[in-house]
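Dear colleague,

Please find the structure below, followed by a summary of what was found in it.

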Amino acid sequence: MCKIIFLPHKILIPKGAKFSINIGETILDIALKNKINMQHACEKSCACSTCHCIIRKGYDSLSKITEKEDDVLDKAYNVEYYSRLSCQAKIISLEKNIEVEIP
């Protein structure tokens, strides 16, 4: 079974972490379930950009970005081509590991 890999973050997960994933879960749900305290000021309603993350591997294993999510991402800091809102990025495939960086 594929995993989600959170790269090290000096405050939230200094050593990084790896967890099992299921179809339909969001990156934020997985993080919170595993006690990674990712910010999410709008309570997962796609209205802020505090849960911004960067997908380093496995981008195609996630749901497609919506126009609304893309608009909200414009408010985020250090957005990259493979940036997503973790509250909106749902697992749609278990074929590849997903590697996530929390900026």
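**Surface, salt bridges and pocket**

Methionine 1 is exposed, with a relative accessible area of 68% (buried means under 20%, exposed over 50% and partly exposed in between, with a 1.4 Å probe and protein chains only). The model is a predicted one, in which local features need pLDDT of at least 70 and side-chain atom pairs count only at pLDDT 80 or more, while totals for chains, interfaces and linings use all residues. Residues are numbered from 1 along each chain as its sequence is written, and side-chain values use heavy atoms, with hydrogens and water left out.

Methionine 1 is found in the segment before β1 (3–6); strands (E, at least two residues) and helices (H or I, at least four) are DSSP runs, numbered from the N terminus. Together with Ile23 and Leu94, Met1 makes a nonpolar surface patch of about 320 Å². Such patches are made of residues with over 30% relative accessible area and no salt bridge, nonpolar side chains (Val, Leu, Ile, Met, Phe, Trp, Tyr) being joined within 5 Å and like charges within 9 Å. Accessible areas come from the Shrake-Rupley method with a 1.4 Å probe; for residues, only the protein chains shown count as cover.

The structure holds 6 salt bridges (a side-chain nitrogen of Lys or Arg within 4 Å of a carboxyl oxygen of Asp or Glu). One of them pairs aspartate 29 with lysine 44, the closest N and O atoms being 2.8 Å apart. Aspartate 29 lies in helix α1 (residues 27–33) and lysine 44 in the loop between α1 and β3 (52–57), so this pair ties together parts 15 residues apart in sequence.

A salt bridge also joins glutamate 101 and arginine 56 (2.7 Å, N to O). This pair links distant parts of the chain, with glutamate 101 in strand β5 (residues 98–101) and arginine 56 in strand β3, 45 residues apart.

Glutamate 69 and arginine 84 meet in a further salt bridge (2.8 Å, N to O). Glutamate 69 is buried at 1% relative accessibility, and arginine 84 is buried at 0%. Salt bridges that share partners join Arg56, Glu80 and Glu101 into one network.

The largest pocket has a volume of about 230 Å³. On a 1 Å grid over the protein atoms alone, a pocket is an open set of points where a 1.4 Å probe fits, with protein on both sides within 12 Å along at least five of seven lines; lining residues have an atom within 4 Å of a point. Of the 13 lining residues, Gln39, Thr50, His52, Ile102 and Pro103 are the closest to the centre of the largest pocket.

Yours sincerely

Notes: Grid points are joined across faces, edges and corners, and a volume is the space filled by probe spheres set on the points.
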